[in-house]
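Thanks for asking me to look this over. Here are my notes, as a few numbered points to read beside the model.

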Amino acid sequence: SDSNNKSIVDEYLSENRSEAQKSVRMNSPSLSPASAGKRIGAFLVDKIILFIVGTYILSPLIKPTQGFSMIPFFTNIITEFLYAGYFYSSQMATPGKVVFGLQVVKDSGEKLDFLKGGLRDSLGKSISSIILGIGYLMAFFRLDRCALHDLMFKTRVVEKS
């Protein structure tokens, strides 16, 4: 087999690997990328909490008008923004990430501010979900375990040190 005939995927993965290795060397050695399994578990815990808040607390307070309404969609986005913004800026982790021993930090290892944390989860994760969740699936193939929303907001999900 000819080593010059690399597939596009092989080229992407080898470039990604070298970029991720540089990134890991540049950042604190205590920032080890979180495993995909722990990220999925944390995501599910947070979604359950947000579902309960939305269904049993917010929905009874907001009555949609006749016909199709975008109110539930916007309520969900605003709730995720406030939830993530608060927890990332105060504790570096949402309750789901706390359960799995994870933190979300800037690429530099610093704590996220309220705005960046809120936008990462509300806007960024919405974009990661748009095309069959490909933005999320990226984390399975990258050495640094970054999903699209991590790349967009220059964040990393790491094991708590």
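1. Helix H5 (residues 114-130) and helix H6 (residues 134-141) have axes that come within 5 Å and cross at roughly 85°. Axes here are lines fitted to C-alpha atoms, for helices over the stretch in contact, with angles from 0 to 180 degrees between N-to-C directions. Helices are DSSP runs (H or I, at least four residues), numbered from the N terminus. H5 and H6 are therefore roughly perpendicular to each other (65 to 115 degrees).

2. Lys125, Ser128 and Ser129 of H5 meet Ile134, Gly135 and Tyr136 of H6 in this contact (heavy atoms within 4.5 Å).

3. Please keep in mind that this is a predicted model, where local features need pLDDT of at least 70, side-chain atom pairs count only at pLDDT 80 or more, and totals for chains, interfaces and linings use all residues. Residues are numbered from 1 along each chain as its sequence is written, and side-chain values use heavy atoms, leaving out hydrogens and water.

4. Mean pLDDT (the predictor's confidence in each residue, from 0 to 100) is 84 for the protein, with 78% of residues at 70 or more. Over residues 20-27, pLDDT stays under 50, and the model has seven contacts beyond four places in sequence for this stretch.

Note on methods
Helices (H or I, at least four residues) and strands (E, at least two) are DSSP runs, numbered from the N terminus. Angles under 35 degrees count as roughly parallel, over 145 as roughly antiparallel, 65 to 115 as roughly perpendicular and the rest as oblique.
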